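The sequence and structure come before the discussion.

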Amino acid sequence: QVQLVESGGGLVQAGGSLRLSCVVSGNIFSINGMGWYRQAPGKQRELVATSTSAGSTNYADSVKGRFTISRDNAKNTVSLQMNSLKPEDTAVYYCNADLSTVTATGVTYRYWGQGTQVTVSS
């Protein structure tokens, strides 16, 4: 069984900062990509940032220069540092991990966390 648990969401004023963290646990064999997505009310889930196991990163244009994704492969964690937050960043943020388990080492699935609310007030 695999679990992704996010933390760090909350309410912040525009221009402020938050740091989200996500811990992956369970019978993990290997983790490939990890990332963060978000979903605002009435909108589709959208990519925020991703990181490969080799450390390559990708960001949505709307967050470039403000958000930084980082991961600790030894601890199976991925974080998202969010600076200069804007009201339009308000959403539920989800972490994900593309991983294989010890019982199915040759198959990679995408797992999702339960989400954490980020609210930015103007």
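## Strand pairing, core and loops

In strand E6, Tyr 59 is the bridge partner of Ala 49, where strands are DSSP runs of at least two residues (helices, H or I, at least four), numbered from the N terminus. This is a predicted model, in which local features need pLDDT of at least 70 and side-chain atom pairs count only at pLDDT 80 or more, while totals for chains, interfaces and linings use all residues. Residues are numbered from 1 along each chain as its sequence is written, and side-chain values use heavy atoms, with hydrogens and water left out.

Two strands are said to pair if DSSP finds at least two bridges between them. E5 pairs with E6 in the antiparallel sense, and E5 also runs antiparallel to E4; within the latter pairing, Arg 38 has Glu 46 of E5 as its bridge partner.

| Strands | Bridges | Residues between the strands | Glycine with positive phi |
|---|---|---|---|
| E4 and E5 | five | six | Gly 42, near 80° |
| E5 and E6 | three | five | Gly 55, about 100° |

The largest nonpolar core has 30 residues, a nonpolar core being a set of buried Ala, Val, Leu, Ile, Met, Phe, Trp, Tyr and Cys residues joined through side-chain atoms within 4.5 Å. Those with the most contacts inside this core are Val 24, Trp 36, Val 48, Phe 67, Leu 80, Met 82 and Tyr 93. Among the elements that give two or more residues to the core are E4 (28–39), E5 (46–51), E7 and E8 (77–82), and the largest share, five residues, comes from E9. In soluble globular proteins, nonpolar side chains tend to be buried together.

Met 82 touches, among others, Leu 18, Leu 20, Arg 66, Phe 67, Tyr 93 and Val 118, not counting residues up to four places away in sequence; contact here means heavy atoms within 4.5 Å. Arg 66 itself lies in the loop between E6 (57–59) and E7 (67–72). With a relative accessible area of 10%, Arg 66 is buried, which is to say under 20%, whereas exposed means over 50% and partly exposed lies in between (1.4 Å probe, protein chains only). Leaving aside neighbours within four places in sequence, the contacts of Arg 66 include Gln 81, Met 82, Asn 83 and Asp 89.

Thr 103, in the loop between E9 and E10 (104–112), is exposed, with a relative accessible area of 68%. The C-alpha atoms of Thr 103 and Asn 27 are separated by 7.8 Å, although these residues are 76 residues apart along the chain.
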